[in-house]
Amino acid sequence: MNPRGKGPDFSEYTGPRRRAPAPVKPRPAFGRTFWGKAFVRVVEEIGDKPRVTRGRTYARSGQVLALDIEPGVVTAEVQGSQLQPFVSTLSIDTLDQSDIDDIITKIRRVPGSLAALVSGTVPDMLAAQLIPDGPSAFRFDCTCPDVGWPCKHAAAVAFLTAERIDTDPLRLLRLRGVDLEQLIGGVEDESTVPVDVENWFGIAAALPALPKVQFRPAIDDLDIRRLREAVAALGLDMAQQNVALDEIRSIYRRLDG
């Protein structure tokens, strides 16, 4: 019996053994900084808890494909259960000039706050002007069929916005419509008021007009979730609900006049 010969050599077709892929690094929590936490807190307070939880999961799993922060609005594409992603928006009122003037006054009074802004840090003392106030601060919209407010896609956009604010707090300034260069210029352009020696006690001084009280309709003091649920019960879609709420605000304004 002939001894068994040596078999073919396949060593040239084999490569080094592949290592198991490294574990995926978990995504940091949303709201790690003062400003990010404040933003997340508002979302969690006004949103439907199950949808907010799903939105956080969507944001963690990378289903927000694109996100753009502009003054007054955040727009993003969110991949849901359908083939095409949904377009979700988060809208917020930009600050008016009186709020910006208040910010400038605070920065002037606190040494080092302007330098902090220039270096990319937003002082906590500006929270009263920058942090959204109450349930009516946010407006959500989405092309998905979910009538929830916010839907999970819009909630995901809100959480990812908080993450961007964690990374760069100046994005919150942009979202509220505050231009950093204009803010810096306003702080540095502090003019002195000349003294009129002819009218030392100011008897003949022309007093400025009284400030106009900012109108706040009673609807802003309501629970916006309950109100939206009542409007949704009429069978209206998201766009129609927004129109109905705007009409209610308009009625309150006319009543106030």
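## The sheet

In this predicted model, four strands form an open sheet in the order β1-β2-β3-β4, with antiparallel pairing, where two strands count as paired if DSSP finds at least two bridges between them. Because β1 (64-70) and β4 stand at the edges with a single partner strand each, one side of each is left without a neighbour in the sheet. From one strand to the next the twist averages 15°. Strands (E, at least two residues) and helices (H or I, at least four) are DSSP runs numbered from the N terminus.

Residues are numbered from 1 along each chain as its sequence is written. Local features need pLDDT of at least 70 and side-chain atom pairs count only at pLDDT 80 or more, while totals for chains, interfaces and linings use all residues; side-chain values use heavy atoms, with hydrogens and water left out.

## Strand β4 and its surroundings

Strand β3 (residues 86-92) runs antiparallel to β4 and is joined to β4 by five bridges; Thr-89 stands opposite Asp-141, and Ser-91 has Arg-139 as its bridge partner. Helix α1 (residues 34-46) packs on the sheet and touches β3 and β4, its direction making about 70° with that of β4; such angles, running from 0 to 180 degrees, are taken between N-to-C directions of axes fitted to C-alpha atoms, for helices over the stretch in contact.

Buried means under 20% relative accessible area, exposed over 50%, and partly exposed in between, with a 1.4 Å probe and protein chains only.

## Cys-144

Cys-144 lies in the loop between β4 (138-142) and α6 (152-167) and is buried, with a relative accessible area of 9%. Apart from neighbours within four places in sequence, Cys-144 is in contact (heavy atoms within 4.5 Å) with Phe-86, Cys-151 and His-153.

## The second largest pocket

The second largest pocket holds about 220 Å³ of space. A pocket is an open set of points on a 1 Å grid over the protein atoms alone, where a 1.4 Å probe fits, with protein on both sides within 12 Å along at least five of seven lines, and lining residues have an atom within 4 Å of a point. Grid points are joined across faces, edges and corners, and the volume is the space filled by probe spheres set on them.

Helix α9 (residues 224-232) gives the largest share of the lining, five residues. Among the lining residues are Asp-48, Arg-51, Trp-149 and Gln-241.
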